[in-house]
Amino acid sequence: MEVVVLPTYEEMSRAAAAVVADVLNTKPNAVLGMATGSTPLGLYQELVRMHRDEGLDFTQVTTFNLDEYVSLRPEHPQSYHYFMQENFFRHVNIAPGNVYIPSGTTSNYRSFCDWYERRIEECGGIDVQILGIGSDGHIAFNEPGSSLTSRTRLKTLARMTIDDNARFFDRADDVPIYAITMGVGTILEARSLVLCASGKNKAAAVAAMVEGPVTSMTTASALQLHPSAKVFLDESAASQLKMRDYYDWVQKKKPDAPKV
């Protein structure tokens, strides 16, 4: 796991977006795994800027989102369909037929989840998966206790997750308590992972993910098992890391490292 700490949220977002852009410039038909929430907004804004100002092309790109609330229709302002459309898809030249987001209103959740897994495989697998982290250390909606080999499935949300997300809804009671989510096992099959975290409220979860044991109680800790995981943090999110000096040293010496 490579840990990159930058002074501000904006710098962190630009650095993470550069990794995604490098993948697209190398492989124009790359498959991207997308995350929602406030943290990846800066990354998406930078990719939109690169598209507008530098010609970053999405015409051959395919995307798969991590998750979606059960019961919310795509046009609901708090659905992840709506989030992605408003904050990313409508600003770049991606083909609508290449966009995949879990359905929160399917009539057969088990069948849909099986299809979603097959469709990822049919598209060649995910090249780079964008991730955030919950304040309890979860990735996607893989709450504490989720199997580290889990696949796309229906998941009951934890009370902490519901409380954290209540700020986006008119009332706390409006937050759905179920979601469809990619599993930890699904996420780990991506060729590379890019996780962003910002703010002091994520610092404990980040420390558990990076420096704690690999455990289903902190599903993000599974990133320790991945051969190509990059974690981008701002200063606040990195504030509880015990080996912070080493991570900074690695980044300082990286330009002079022997070429593999």
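Before reading any burial value I set down the cut-off, by which buried means under 20% relative accessible area. The model I am working from is predicted.

Entry one, aromatic pairs. I looked up Tyr116 and found its relative accessibility to be 0%, so Tyr116 counts as buried. Phe64 is likewise buried, with a relative accessible area of 0%. I then listed the aromatic pairs and found that the structure holds 14 of them. In one, the ring centres of Phe58 and Phe88 are 5.5 Å apart with the planes at 85 degrees, so I noted the pair as edge-to-face. Phe58 sits in the loop between helix H2 and strand S3, and Phe88 in the loop between helix H3 and strand S5, 30 residues apart. I also noted that Phe64 and Tyr116 form an edge-to-face pair, at 5.6 Å centre to centre and 85 degrees between the planes. Because Phe64 lies in strand S3 and Tyr116 in helix H4, this pair ties together parts that are 52 residues apart in sequence.

I placed Ala205 in helix H7, which spans residues 203-211, and its relative accessible area of 4% makes it buried. Beyond its neighbours within four places in sequence, Ala205 is in contact with Ile133, Gly134, Ser135 and Gly137. Gly137 is 68 residues away from Ala205 in sequence, yet their C-alpha atoms are 4.7 Å apart.

I found a nonpolar patch formed by Met243, Tyr246, Trp249 and Val250, with about 410 Å² of accessible area together. Trp249, in helix H8, counts as partly exposed at 48% relative accessibility.

Notes. Residues numbered from 1 in each chain as written. Predicted model: local features only at pLDDT ≥ 70, side-chain atom pairs only at ≥ 80, totals over all residues. Heavy atoms only, no water. Helix = DSSP H or I, 4+ residues; strand = E, 2+ residues; numbered from the N terminus. Buried < 20%, exposed > 50% of the residue type's maximum accessible area, 1.4 Å probe, protein only. Contact = heavy atoms within 4.5 Å. Patch = residues over 30% accessible without salt bridge, like charges linked within 9 Å, V, L, I, M, F, W, Y side chains within 5 Å. Areas by Shrake-Rupley, 256 points an atom, 1.4 Å probe, with all protein chains shown as cover. Salt bridge = Lys/Arg side-chain N within 4 Å of Asp/Glu carboxyl O. Phe/Tyr/Trp six-rings, centres within 6.5 Å; stacked < 30°, edge-to-face > 60°.
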